Amino acid sequence: MRRSYDDLVHEASTVSVDGWDFSWLDGRATEERPSWGYSRLLAGRMAAARAALDLQTGGGEVLAGVPTLPPVAVATESWPPNLKLADSRLRPRGARVVAAADDGPRLPFADSLFDLVTSRHPVHTQWAEIARVLRPGGSFFSQQVGPRTAGELAEWFLGPYDSWTREPARAREEAEAAGLEVVDLRDERLRMEFRDIGAVIYFLRKVIWIVPGFSPERYANELRALHDRIEAEGPFVAHSARFLIEARKP
């Protein structure tokens, strides 16, 4: 039996959106995954590292899934609720979690401390700081959000707009400007489907840069119209963009 609009809105408006676990969306939304398999590639690099730093770790979900962590494993996170989640997941694995701003002027680590720095979907990439904390021969390995991710969804609420974007070519330029050598750069565009309005609300509450300032109250008219469209036509389709970048310090 189909659930009412009000029921879907209430549920999605009150459920916790802490951390970067999207399992609440199982059966309600889907997103294709990049063909390269970031978690698998990350596991191999972590197993070979001596000292690794995971930036903007969220709730520690990705790092906690790595089978073998290096002898020294550190993660940073800025949001207090995520800090607590990450600490509870990573401390039993022997990893330390440190509070650090996503766009702060300096990472709280000494020069040339890590042979591997990683980050999955960072909000900001501190290229100069990454280069500083890497040892010579060390690497930065990251999967990032590319241009016009969920642009179709954002435009439903905002109309035509200059979207928040991060271009792979710009990432290359910034890495090289920081003195790093880009050894891998690839990108893909991927299909997303939202099967009910609750999934849309949850996603926009969690991924806050898609529709800045989103709330169900503020966008009640747009949400109702989108609910009616999904009920009449089926899942709302959007697209995400992802790129993989690996850069080495000479």
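**Salt bridges and a helix face**

Modeller: With 39% relative accessibility, arginine 195 is classed as partly exposed. Keep in mind that this is a predicted model.

Biologist: Thanks! Which residue forms a salt bridge with arginine 195, and is that partner buried or exposed?

Modeller: The closest N and O atoms of the pair are 4.0 Å apart, and the partner is glutamate 193. Its relative accessible area is 17%. Buried means under 20%, so glutamate 193 is buried.

Biologist: How many salt bridges does a search of the whole structure find?

Modeller: As a general point, side chains of opposite charge can pair when their charged atoms come close. Arg3, Asp7, Glu11, Arg28 and Asp196 are even linked in a network of salt bridges. For the whole structure, the search gives a total of 23.

Biologist: Glutamate 31 and arginine 242 meet in a salt bridge too. How many residues apart are they?

Modeller: Their side chains come to 2.9 Å, N to O. Glutamate 31 sits in strand 1 (residues 29–31) and arginine 242 in strand 8 (residues 236–248), so the pair links distant parts of the chain. The separation is 211 residues.

Biologist: What does the salt bridge between arginine 132 and aspartate 111 tie together?

Modeller: The two side chains meet at 2.7 Å, N to O. Aspartate 111 is in the loop between strand 4 (96–99) and strand 5 (114–120), while arginine 132 belongs to helix 5 (residues 127–133). The pair therefore ties together parts whose separation in sequence is 21 residues.

Biologist: Now to helix 4. Why do its buried residues line one face?

Modeller: In this helix (residues 80–90), the buried residues are Asn82, Leu83, Ala86 and Leu90. They line one face because, seen down the axis of helix 4, they fall within an arc of 105 degrees.

Biologist: What do the buried residues of helix 4 pack against?

Modeller: Pro80 and Lys84 are exposed on the other side of helix 4. The buried residues pack against helix 3 (61–64), strand 3 (72–77) and strand 4.

Technical notes:
Residues numbered from 1 in each chain as written. Predicted model: local features only at pLDDT ≥ 70, side-chain atom pairs only at ≥ 80, totals over all residues. Heavy atoms only, no water. Helix = DSSP H or I, 4+ residues; strand = E, 2+ residues; numbered from the N terminus. Buried < 20%, exposed > 50% of the residue type's maximum accessible area, 1.4 Å probe, protein only. Arc of directions from axis to C-beta. Contact = heavy atoms within 4.5 Å.
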